[in-house]
Amino acid sequence: MSRVFNFSAGPSALPLEVLEIIRNDIPDWLGTGMSVMEVSHRSKEFVELAARAEANVRDLLGIPDNYSVLFPQGGATLQMAMVPLNLTGPNDSADYVVTGSWGKKAAGEAKKFCNASVIADAADKNFTYIPEESTWNRSDNAAFLHYTPNETIAGVEFHFIPGGDVPLVADMSSTILSRPIDVSRFGVIYAGAQKNIAPAGITLVIVRNDLLEKARPNNAHLMTWKSYAESDSMTNTPPTFAWYVADLVFQYLKNRGGLTAIGEVNRRKASKLYTAIDASDFYSNPVRKDCRSWMNVPFILADSSLDAKFLQESKDAGLTNLKGHRSVGGMRASIYNAVSEEAVDALIGFMADFEKTNG
Ligand SMILES: *Cc1c(COP(=O)(O)O)cnc(C)c1O
């Protein structure tokens, strides 16, 4: 068996320990004589799995009792529509802080359903910073404020939680579970699974219970958070395999000491990589230093004619998926929880060698 160091932005690496459990479980899960993909979601074994997954993610994130934990399908993108449909009427206002492509997409979706305004926008500097909070042009009666704590493409991250009394809605797809967070500061947190949780197909949504009452009465059943809250996310047949993997990942993170310990490793990984980039004239990262992402590290080569060579040689060295997003160019290393410190060290070593040969 040969495993690469996978720096994919998503779907992304899963822990090898988890993959090995899956391989072992597949033919006969828990003595059922079936794989987890073949059992009823109403079976005792699966209902226990669902309860354990919720208990463990509550424990990992310290989710208060007055929040519901939901596991819908549709990814983060469906939540971009569900957020306004569950929190506003058609004439209500909502505020969006746009610091990258995903926040822009969320605002665009919300504009179809409510009076959504972009109250701050970092597009003027190519999404390389977070506009000062005091300059945000907040609406008087916003039903919520939406932002993207980590923008996956440009690698821009909030290292603070915005203030104010308006419920905060956060798309945490690419930062969830990377370190502890104070859930009580948020109204809604949502995250597609395929970065830090599980394979694509399941979504984690954490909603403060009072907000479950604000959904439009004519909402489709599957577009209504409360339907999931009332059915333990078994509103219809859930994505059972992805849920099973999420459960294993939550247990894996707990076994590794929980999010404080995970966060320390992630801080170290990011810090090493940025230090290496900043120390060189050959590589650079365009993001303002106080808003650099711990999870997605874009970097460009001073001479972009070397991009193809860098990608080929890094791939040959077992370092994959380093090509940057087409909107940014250059390279991007996504260093999620399942990307080990060893992988980051290997990348830094490769970058130094490549610079020596080509610089
Ligand atoms: C990947 C990503 C998305 C899109 O997620 P889907 O699950 O594909 O809908 C949205 N927001 C952010 C911040 C992401 O990183």
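Colleague: How do the residues lining the largest cavity divide by class?
Modeller: Into 10 nonpolar, 4 polar and 1 charged. Nonpolar here means Ala, Val, Leu, Ile, Met, Phe, Trp, Tyr, Cys and Pro; charged means Asp, Glu, Lys and Arg; the others, Gly among them, are polar.

Colleague: What kind of model is this?
Modeller: It is a predicted model, where local features need pLDDT of at least 70 and side-chain atom pairs count only at pLDDT 80 or more, while totals for chains, interfaces and linings use all residues. Numbering runs from 1 along each chain as its sequence is written, and side-chain values use heavy atoms, with hydrogens and water left out.

Colleague: Back to the cavity. Which residues lie nearest its centre?
Modeller: Ala13, Lys195, Asn196, Ile197 and Ala338, out of 15 lining residues. The largest cavity holds about 90 Å³ of space. On a 1 Å grid over the protein atoms alone, a cavity is a set of points where a 1.4 Å probe fits but cannot get out; a pocket is an open set with protein on both sides within 12 Å along at least five of seven lines; lining residues have an atom within 4 Å of a point. Points are joined across faces, edges and corners, and the volume is the space filled by probe spheres set on them.

Colleague: How many cavities of 30 Å³ or more turn up?
Modeller: The search of the whole structure gives 1.

Colleague: And how much space lies in the largest pocket?
Modeller: About 410 Å³. The lining has 23 residues; Arg3, Leu14, Leu16, Ala338 and Ser340 lie nearest the centre. By class, that lining has 13 nonpolar, 4 polar and 6 charged residues.

Colleague: Which element gives the largest share of the pocket lining?
Modeller: H7, with 4 residues. Helices (H or I, at least four residues) and strands (E, at least two) are DSSP runs, numbered from the N terminus.

Colleague: How do H7 and H9 pack?
Modeller: At an angle of about 5°, with axes 10 Å apart. Axes are lines fitted to C-alpha atoms, for helices over the stretch in contact, and angles run from 0 to 180 degrees between N-to-C directions. H7 and H9 are therefore roughly parallel. The cut-offs: under 35 degrees is roughly parallel, over 145 roughly antiparallel, 65 to 115 roughly perpendicular, the rest oblique.

Colleague: Which residues meet there?
Modeller: From H7, Val265, Arg268, Lys269, Lys272, Leu273, Ala276 and Ile277; from H9, Glu341, Val344, Asp345, Leu347, Ile348 and Met351. Contact means heavy atoms within 4.5 Å. That makes 8 nonpolar, no polar and 5 charged.

Colleague: Now H1 on H6. What angle?
Modeller: About 135°, with axes 10 Å apart; H1 is residues 16–25 and H6 is 240–255. So H1 is oblique to H6. The crossing is right-handed. A crossing is left-handed if the near helix is turned anticlockwise from the far one by less than a right angle, right-handed if clockwise.

Colleague: What about H2 against H6?
Modeller: H2 (residues 44–61) packs on H6 at about 40°, axes 9 Å apart. So H2 is oblique to H6. H2 passes H6 in a left-handed crossing. The contact has 10 nonpolar, 3 polar and 4 charged residues.

Colleague: Switching to the backbone. Where is the cis peptide bond?
Modeller: Between Gly10 and Pro11, with omega about -10°. Pro11 is in the loop between S1 and H1.

Colleague: What is the phi of Asn126?
Modeller: Positive, about 55°, although Asn126 is not a glycine. Most residues other than glycine have a negative phi, and most peptide bonds are trans. Asn126 sits in the loop between S4 (115–121) and S5 (142–147).
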